[in-house]
Amino acid sequence: MTQISNYDLVILGGGSGGYACALRAAELGSRVVLIEKDKVGGTCLHRGCIPTKALLHAAEVADLARDAGDFGVVASFDRIDMPAVNVYKDKVVDRLFKGLQGLLASRKVEVVHGEGRLVTPTQVAVGDDLYEGSHVVLATGSEARSLPGLEIDGVKVITSDQALTLDHVPASAVILGGGVIGAEFASVWRSFGAEVTIVEMLPRLLPPEDEASSKLLERAFRRRGINSHLGVRFADVKDTPAGVLVTLENGKTIEAELMLVAVGRGPVSAGLGYEQVGVKMDRGFVQVDELWRTNIPTISAVGDLTPGPQLAHVGFAEGIGVAERLAGLNPAPIDYDGVPRVTYCDPEVASVGITSAQAAERGIEFEEVNYNLGGNGKSVILQTQGSAKVIAVAGGGPVLGVHLVGARVGELIAEGQLIYNWEAFPADVAKLIHPHPTQSEAIGEAHLALAGKPLHFHS
Ligand SMILES: Cc1cc2nc3c(=O)[nH]c(=O)nc-3n(C[C@H](O)[C@H](O)[C@H](O)COP(=O)(O)OP(=O)(O)OC[C@H]3O[C@@H](n4cnc5c(N)ncnc54)[C@H](O)[C@@H]3O)c2cc1C
């Protein structure tokens, strides 16, 4: 075995968490090797955030073409050319991939292509080569999970990985799981013309979101012709000549061309040497403290491999946090409630902070305002429906949560993030002048109402 040493940092996994750590550490002067078995950029760039959002944008274009007449534009929607959609999606991914490769090279991060395995607290083996550093960061991410006994055949029963590479629009699809990934594919396929049915065992779509947001999304999906079976478990799937026959626990059956399994993602850690080296694990997740330290002093772990929100921007922040800690910069732990969350379906759902249910569970006395986008000029122009809900500590604040539903509200949640993370009071936010006509005014209106000076607001 060839030993290659003298690294400050050996990073295993080049996804959002691993590459962000590599970039920041290199910027801070560390000698970094980033080991990636597939392509740098990981799930987010190649099988997650970016390709799904490209599909969602194509879906929006399809809906605009279909509904052009509502705006007095004479156009017609003919059909989806899926190979051409894939060309567009792949071009987007490829451009960002090349950009990332360039960035890593310019920061002098050494990228090693190969499958790595932790062999000691300071060494990772790749084939016959042994990479040794003062510190190792584990960032091997996550992969789609299935249910016990449910086999993914990759053709009729698929995960998001295969859903992203379909060469045609399925005529019909059952989506198992009404979380973020399920809702996004339901939205895309419906806009592309498919019959879509979501099956979710919990009583609502996007279960971790505020109940008001779930209800609005359910109504919007119903209007769009997306069927949902909520509060019911999947029982069985059978192959049929036309596709699949899905049976639910309540005896209902649904026929479809395929079934997408979107029931969550589990850590990629089996067989990678973590347990043998003594890293503390829980059901495959690497256990870390608030600064992403494992129980072994020379090993940290970030991203989907650790418990917590499985989001690319969380991976970025954790990777940066580790790089800064190792450089002695004393980073602060992340307040995970303060991380914005977006589901990019139509309508979008975005939030930051806590829900009304969480505020009640925590025994906080709170008040809330739900501003209907029907009163917001830009939303009416866009013909979108939804709301801006703000939750604050009773008696004046600070703000505990901002929950948005509507077209493009994913862009708006950045303001909610500032409000929440700076512990702003509704009266302070109410003083801010929002540009007119924008959807951001809805955030202003909700705070005006909470501050006792409602403007365009029906109570
Ligand atoms: C369909 C879908 C849509 C998503 N949309 C969004 C979104 O819109 N916004 C958002 O914030 N998040 C989204 N996510 C989640 C996001 O992709 C993940 O949270 C993020 O990629 C996690 O980053 P990570 O670095 O922890 O892991 P990953 O991105 O999974 O990276 C891990 C890397 O490690 C590599 N690796 C694994 N084992 C080894 C090994 N033994 N040797 C070498 N390399 C190895 C893998 O090849 C991979 O590149 C989405 C996910 C999916 C599946």
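Before the first helix pair, one definition: a helix axis here is a line fitted to C-alpha atoms over the stretch in contact, and the angle between two axes runs from 0 to 180 degrees between N-to-C directions. Hi everyone, and do keep in mind that what you see above is a predicted model.

With that in hand, let's look at α3, residues 49-66, and α4, residues 82-106. Their axes are 9 Å apart, and the two helices pack at an angle of about 135°. Angles over 145 would count as roughly antiparallel, and 65 to 115 as roughly perpendicular, so α3 is oblique to α4. The crossing of α3 past α4 is right-handed.

Who is touching whom? On the α3 side we have Ile50, Pro51, Ala54, Leu55, His57 and Ala58, and these meet Met82, Val85, Tyr88, Lys89, Val92, Val93 and Leu96 of α4. Sorted by class, this contact has 11 nonpolar residues, one polar and one charged.

Helix α12, residues 409-421, and α14 cross at roughly 35°, and their axes come within 9 Å. From α12, the contact uses Leu412, Glu415 and Ile419, while α14 brings Ser440, Ile443 and His447. The classes here are three nonpolar, two polar and one charged.

On to the rings. How many aromatic pairs does the structure hold? There are four, and I'd like to show you one of them. Tyr371 and Phe457 are stacked, at 5.9 Å centre to centre with 20° between the planes. This pair links distant parts of the chain: Tyr371 belongs to strand β22, residues 366-372, whereas Phe457 is in the segment after α14, and 86 residues separate the two.

Are these two partners buried or exposed? Tyr371 has a relative accessible area of 2%, and because buried means under 20%, Tyr371 is buried. Phe457 comes out at 22%, so Phe457 counts as partly exposed.

My last stop is a glycine. Where does Gly177 sit? You'll find Gly177 in the loop between β9, residues 172-176, and α6, residues 180-191. With a relative accessible area of 8%, Gly177 is buried. Setting aside neighbours within four places in sequence, Gly177 is in contact with Gly182, Ile198, Val199, Glu200 and Ala262.

How values were computed:
Residues are numbered from 1 along each chain as its sequence is written. This is a predicted model: local features need pLDDT of at least 70, side-chain atom pairs count only at pLDDT 80 or more; totals for chains, interfaces and linings use all residues. Side-chain values use heavy atoms; hydrogens and water are left out. Helices (H or I, at least four residues) and strands (E, at least two) are DSSP runs, numbered from the N terminus. Angles under 35 degrees count as roughly parallel, over 145 as roughly antiparallel, 65 to 115 as roughly perpendicular and the rest as oblique. A crossing is left-handed if the near helix is turned anticlockwise from the far one by less than a right angle, and right-handed if clockwise. Contact means heavy atoms within 4.5 Å. Ala, Val, Leu, Ile, Met, Phe, Trp, Tyr, Cys and Pro count as nonpolar, Asp, Glu, Lys and Arg as charged, and the others, Gly among them, as polar. Rings of Phe, Tyr and Trp (its six-membered ring) pair if their centres lie within 6.5 Å; planes under 30 degrees apart count as stacked, over 60 as edge-to-face and the rest as tilted. Buried means under 20% relative accessible area, exposed over 50%, partly exposed in between (1.4 Å probe, protein chains only).
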